[in-house]
Amino acid sequence: MRNINKVAVLGSGVMGSRIACHFANVGVEVLLLDIPPRELTPKEEAKGMQLSHPSVKNRIVNDSLKFALKSNPSPIYRKSFASRITTGNFDDDLAKIADCDWTIEVIVERLDIKQQMFERVEKYRKPGTLITSNTSGIPIHMLIEGRSEDFRKHFCGSHFFNPPRYLKLLEIIPTPATDPAITSFLMEYGETFLGKTTVLCKDTPAFIANRVGVFSIQALFHTVADMGLTVEQVDKLTGPVMGRPKSATFRTCDVVGLDTLVHVANGVRDNCPDDEQRSLFEIPSYVTKMVENGWLGSKTKQGFYKKVKDEKGKSTILSLDLNSLEYTPQVKAKFATLEMAKPIEDIAKRTKALFNGQDQAGEFYKRSFSGVFAYVSNRIPEITDALYKIDDAMRAGFGWELGPFETWDAVGIEAALKDMNSRGLVVSPWINQMIEKGITSFYKTEDGLKYYYDLESGYYALIPGQESKIALANLPESAVVWKNSGTTVYDLGDGILNIAFHTKMNTIGGEVLAGLNKALDLAEASYKGLVVANEGQNFSAGANVGMIFMMAVEQEYDELDFAIRAFQNTMMRVRYSNVPVVAAPHGLTLGGACELCLHADKVIANAETYMGLVEFGVGLIPGGGGTKEFAVRTSEELKDGDIRINTLRNKFLTVGQAKVSTSAHEAFDLGYLKEGKDEVIVSREQQIAYAKQACLQLANKGYAQPAKRKVTVLGQEGLGIVFVGAHSMMSGDYISEHDKLISEKLGFVLCGGDLSENTEVSEQYLLDLERRAFLELCGERKTLERMQSLLKTGKILRN
């Protein structure tokens, strides 16, 4: 048993300051230390300050933390969480690590400097506390030379990926001296408390993710030159269509920094003399020239891309011609294979289609995939004994939807082998041994659990750590209770159902509403409760705006009224079901998805939940019960005098400015989540299982159908404030006349209409006002123009 209450982070650079922020995110007190400066700034000299002054000695660490907190995206869940971080310097404050449960070293990547730091740390560190290094390249065992037995026993590598809040990989690298109990603790703590995918690595150069990821990039650098592809063509081929991040390859290189990639590649080349692909870690001439020119990417404002302004001041992004090394206008990339594969939603099926393409793109995919397949086969058992760890590392560290072995399964093991043989690529002998046994896939799923091919046993072994999790994708077919084109209802066991959406971006249309009602029917008839959760990249982007736009354009107002009424009725069923309903959102949770959460008995939100009522942005107000629910929450918080008006104003501005939380914690501040009712969980992998337990707990406590609520609205008292404010904003040219109209409609519903005094009204009364305002705005030409414009530019998802 070990508790982490306070952590010391040594080094406040880009990684150190952000690691400190992430520990603060999860409630840990942090001591962030760095070197004191060696000279004064001109401003400090002008003030007559000395190097010994406390503000001078802490200038480096304080400036680094301030820079991190101002960065976008933010490393902190909630601004107030930064108060959990205390700063200091190595000269004055290193002794304070005696109060810390874990000390993490994140200083410059030099072995001698790190060893000197650990010598100083050992003077103050409390025996039995954890000590780790965030090094990305120095052999872990070399860092502890000369250290005590207790130090070595509690030491290992803990390699976070940047930015630590958003990239989920945490590589744990023990040394032969590390106590196995310490390794196990860090693996579990990283997953449960920090929300990480923890991957156990061997102490080999670049560990797992960077070893494979940088090989993939280096191989691609050479492939591009050989095939004559352009920068923009490669980024088109290696982005989302391939199951990779939007930044694809060259934009990612610009963000990471070309110097960083070259440093890692050189490290692998110099320290891995037996790597069969060592030659591919040689830096291509065009990359070498870019580094010499200082074209390192975003940090130098030019790399593979460069933003420039024309004579009219309009910004445009040029791409680098890899032959002439001149920046030229981008040319849109088109390939038949891409056009054929793009409509395929399933990533595994799409990957197979890409591999089988017959044009230049198909050749690119064959060459890229086959090279990675051969490479990872030869890294086992060098960098890990278990193939699933490589897949975990690449998904969590590089944002691949499918890891290399999962991709190989998607393509087909034998089809990929045939292509590799034609290219003279040599795979590890264990691949052919596996096939000779009749095993033709690296993974299989049985009874809701996932198994991987284990080299040691020569058969499948269970991937550990699944017992406390629920993966919907791995549930057996017998767990499916009901499904339609947009939803699937699963039996999670113990009397709890789960409904998952699987429309595009999980948007909510007729099929999802039908699924929700069916799930509620089933739960009320034969089960204890219902969880609403899915495993998509986002919980839901909200209602299907394209459908609303089409009905409004065709002036099918009866059908539109029916659709909005159905949405409202479904949300009220969620609120007043006789079984508990728990929502488990993650990622984008917008519009109608936010309204669903507002009506649930409880929300178990992943920390990375971006929640908001965004309808104002398309010229509407929330029409699925969201405006009504904000009126309810305003009523619950109403107090006398100015505070009452401030409550209304805050709720009005949250909806009227279409505010979206940057984390689940911020959703509490915006009023989308409720303190004391809703909860935040950092681990995505454990979220559905935790939501199930929360639902079961509500049911087992003796859940009763909630009583209908009466809502106190402000009527004309509130309307006066709304109307005056909207008029003033328009007069000052801050909003358009159309925005003024939307604001007045929103205020009218929140205030309960034109009532002469504060009045108690029913929820249905507010829903009717909400629906009428929504329909009236759908008939406005400006609303339709705004929707059409956003739909055309792709800023609103449309099915």
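This is a predicted model: local features need pLDDT of at least 70, side-chain atom pairs count only at pLDDT 80 or more; totals for chains, interfaces and linings use all residues.

Reader: Which side chain does Lys740 meet in a salt bridge?

Author: That would be Glu744, with 2.8 Å from N to O. Glu744 is buried as well, with a relative accessible area of 16%.

Reader: And where do Glu744 and Lys740 lie?

Author: Both are in helix H30, which covers residues 737-750. Glu744 and Lys740 are four residues apart there, about one turn of the helix.

Reader: Why would side chains like that pair up at all?

Author: Side chains of opposite charge can pair when their charged atoms come close.

Reader: Which residues do salt bridges with shared partners join into one network?

Author: Arg211, Asp275, Glu276, Arg379 and Glu382 are joined into one network that way.

Reader: How many salt bridges does the count come to?

Author: The count is 50 salt bridges.

Reader: Show me another. What does Glu406 pair with?

Author: Glu406 forms a salt bridge with Lys450, and their closest N and O atoms are 3.2 Å apart. Glu406 sits in helix H18 (residues 404-411) and Lys450 in strand E13 (residues 449-454), so this pair ties together parts that are 44 residues apart in sequence.

Reader: What about cover for those two: is Glu406 buried or exposed?

Author: Glu406 counts as buried, at 12% relative accessibility. Lys450 is partly exposed, with a relative accessible area of 22%.

Reader: One more pair, please. What does Lys114 form a salt bridge with?

Author: Its partner is Glu109, and the closest N and O atoms of the two are 3.1 Å apart. Lys114 counts as buried at 1% relative accessibility, while Glu109 counts as partly exposed at 34%.

Reader: Let's zoom out. How many helices and strands does the protein chain have?

Author: The secondary structure comes to 32 helices and 25 strands.

Reader: What radius of gyration does the protein chain have, next to that of a compact globule?

Author: The protein chain has 28 Å. A compact globule with 799 residues would have a radius of gyration near 28 Å, so the two agree. Taken along the principal axes, the C-alpha atoms fill a box of roughly 80 × 70 × 65 Å.

Reader: What share of the residues count as buried?

Author: Of the 799 residues, 55% count as buried. The accessible surface of the chain comes to about 34300 Å², and 51% of that surface belongs to carbon and sulfur atoms.

Reader: What about contacts: what share join residues at least 24 apart?

Author: It's 69%, among contacts between residues at least 6 apart in sequence.

Reader: And the charges? How many positive and negative ones are there?

Author: The protein chain has 92 positive and 100 negative charges, and their mean positions are 3 Å apart.

Reader: Which residue has a positive phi although it is not a glycine?

Author: Phe207 is one of them, with a phi of about 60°. Phe207 is in the loop between strand E8 (197-200) and helix H9 (209-227), and it is buried, with a relative accessible area of 1%. Asp447 also has a positive phi, about 50°, although it is not a glycine.

Reader: Where does Asp447 lie?

Author: Asp447 is in the loop between strand E12 (443-446) and E13. Asp447 is exposed, with a relative accessible area of 70%.

Reader: Last one. What does Asn474 touch?

Author: Leaving out residues up to four places away in sequence, Asn474 touches Thr445, Gly448, Leu449, Lys450 and Gln466. Asn474 lies in the loop between strand E14 (459-462) and strand E15 (480-483), and it is buried, with a relative accessible area of 14%.

How values were computed. Residues are numbered from 1 along each chain as its sequence is written. Side-chain values use heavy atoms; hydrogens and water are left out. A salt bridge is a side-chain nitrogen of Lys or Arg within 4 Å of a carboxyl oxygen of Asp or Glu. Buried means under 20% relative accessible area, exposed over 50%, partly exposed in between (1.4 Å probe, protein chains only). Helices (H or I, at least four residues) and strands (E, at least two) are DSSP runs, numbered from the N terminus. The radius of gyration is taken over C-alpha atoms; the globule rule is 2.2 Å times the number of residues to the power 0.38. Contact means heavy atoms within 4.5 Å. Accessible areas come from the Shrake-Rupley method with a 1.4 Å probe; for residues, only the protein chains shown count as cover. Lys and Arg count as positive and Asp and Glu as negative; His and the chain ends are not counted. The place of a charge is taken as NZ of Lys, CZ of Arg, CG of Asp or CD of Glu.
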